[in-house]
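Have a look at the structure first, then come back for the notes.

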Amino acid sequence: MIELQHLEKSFGDHHVLKDVSATFERGKVNFVIGRSGSGKSVMTKCTVGLIEPDQGRVFYDGRDFTSMSQKERKVIRQEIGMLFQGSALFDSMTVQENVEFPLRMFSDMSDAERRDRAAVCLERVELADASTRFPAECSGGMQKRVGIARAIAMNPKYLFCDEPNSGLDPQTAIVIDNLISDITAEYQITTVVVSHDMNSVMEASDTIHFVHQGSICWHGNREGLLEGGVKELEDFVFASDLMRKIRKTV
Amino acid sequence: MRWMYHIGRYMRLLAKSFRKPEKFSVFKDLLVTELESIGLQSVGIVALLSIFMGAVICLQTAHQIGGWIPVYTIGFTVRQTMILEFSPTLIPVILAGKVGSNIASQIGTMRVTEQIDALDIMGVNSASYLILPKVVAGVFIVPFLVVLSMVLGVGAGAWIGVATGLSPLADFEYGMQVDFRVFDVVYALTKTVVFGFILTSVSAYHGYFAEGGALEVGKSSTKAVVWSVVIIMVSNLVLTQMLLN
C-alpha cells in the first residue's frame, strides 16, 4: 500500500500540488486521472522521489519514504517498477539486455539465471521471440510490453505506469491494460496508473483518483465515476459524446 | 551570477558521479566500452591531424630559417611545438568536438527520453553509471592519444624535411635531441590529463541537464563543445603559468 499525506509542491509562483492525500491499495490497479497540466505527473514524480515535495509525506507500506536518506531509498526503489510514457528503454541494449538490466545491477544471479528470468518476463508479455531486437526495431506496443517486462523483472511490490496507452491503437491499448491488470493481481502489486484515457479507466481500474488543479477532488471506482456528482469530474469524464451515451444507457 | 549556479551544479554532479559504482563488473564493462569509444575510435583523426601538423610546422620553420640560423633548428622547433603545445592542447580541443559532442548528445537524449529517470527510479546512481566511466576513460586514454600525436607529428616533420630536401635526417635528429628536457613531456601529459577530465565532464554536464526535445539536445551538444574548448584554453594558460614559471 502507498499513502500520500498532504503533499504540496510549487515551482516558483505556480502551486502545482495542493494538500494531496491519497491511498493506493495493494493488489489493485489504482488510477490517477485528470486533465493535462492538472498535476498528475508531478504527483507521481513526488511519489517515486524524482521530485522532492515541499511538504507532506509518502509511505510505502508504512515506511516513510520522504524522510529516508538516499541510501535507504535505494532499498525501496528496488521494489518499484515503472513503465514510462515513452517506454524509456535503453536504446543501446537489446530487449533481452533491457529486461536483464535491473537484475544485473542489483542481484547476484549468474548470467544463466538472469537470462532465464528475463526469458520468463518476456514470455509473460508474449515477446519471447523479440529478445535480440533493439528498441528501435520494436513497435510502440512492443516497447510498452518490454517496459512492463523490465518493470516486473525484480518482482516489484509497486508498479507505476505513466500514460501506458499513449500513442497506441485501441486494440493494443486493451492488451496493455489487461496485462497491467493481470500482473497486478498475479503478483499482488500496488499499481498506480496515471492516465487520461477513459477507455483504460473503464477497462482496468479498481480505484480512481481524480486530480483537478493540483488537488484530489474525487476518488471512488468505475461505477461511482459514471454517477458523477462533482462538476469538474463530470466535465472531464463526459467530455466525449461516447461517454455521454454510455452514461445514458447506465 | 548565472555562472556561479552552473559551477555549483557542475560540482554537485561531479560529487554524485564520483561515488562508488553500483557494481564493479558493470563499471568495468562500461569503462572498456568508453576506452574504445573515446580512444580507439579517435586514433584515425588524431593520426591524420598530427601527421599534417608536424609536416606543416617543418615546412613553415624551414621557410623562416636561413643565414646564421642552423638547419637543425627545424627538428628542434617541430619537437618543441608538437610536445609543448600542438599535441597536448589541439588534440584535446579536437576531441572536445568529436568526443564531447557525442557524450553530450548521448546523455542528453537519455535525459529527454526519460532513460535517466528510469535509472534513478531503479535505484541506480545515474550520474555515476553514465559519467564516471567516461571521465575515467578520458583521463586515462587522452594522454595515450597525445603521445601518439607527438610521435607521429615529429615523425611526419622528419619525413617531409628529408623528402623535400629542406633538412638532412642527421640535422633533424640532432635538432630533436638538442636541449631535450623530460619535464617538457611531463608538463604536456599533466595538461593532457586535466584536459581529458574537462572535455568529458563538461560535456557530460551539458548532456545530463538537457531539457526539452531534440532541439535542446542539439543545443546542449553545441554548448558542450564551446564550453569544453573555452575551459581547456583557460586551463592551458593557468597550467602553463603554474608549471613552466
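**B:Ile121 and the chain contact**

Setting aside neighbours within four places in sequence, B:Ile121 is in contact with A:Val48, A:Leu50, A:Arg77, A:Ile80 and A:Met82. Keep in mind that this is a predicted model.

Where B:Ile121 sits:

- B:Ile121 belongs to helix 5 of chain B, which covers residues 115–122.
- B:Ile121 counts as buried because 23 other C-beta atoms lie within 10 Å, and the cut-off for buried is 20 or more.
- B:Asn102 is 19 residues away from B:Ile121 along the chain, and their C-alpha atoms are 25 Å apart.

The contact as a whole:

- Chain A puts 15 residues into the contact, and chain B puts in 13 residues.
- On the chain B side, helix 5 of chain B supplies the largest share, with 6 residues.

Strand 3 of chain A:

- Strand 3 of chain A (residues 29–34) is largely enclosed by the rest of the structure, because 6 of its 6 residues are buried.
- A:Val29, A:Phe31 and A:Ile33 point one way from the strand, while A:Asn30, A:Val32 and A:Gly34 point the other way.

Its strand partners:

- Strand 8 of chain A (residues 190–195) pairs with strand 3 of chain A in the parallel sense, over 5 bridges; here A:Val29 has A:Thr191 as its bridge partner.
- Strand 9 of chain A (residues 207–212) also runs parallel to strand 3 of chain A, joined by 5 bridges, and A:Val32 has A:His209 as its bridge partner there.

Terms used. Residues numbered from 1 in each chain as written. Chains lettered and ligands numbered in written order. Predicted model: local features only at pLDDT ≥ 70, side-chain atom pairs only at ≥ 80, totals over all residues. Helix = DSSP H or I, 4+ residues; strand = E, 2+ residues; numbered from the N terminus. Buried ≥ 20, exposed ≤ 12 C-beta atoms within 10 Å, placed from the backbone. Contact = placed C-beta atoms within 7 Å. Pairing = 2+ DSSP bridges.
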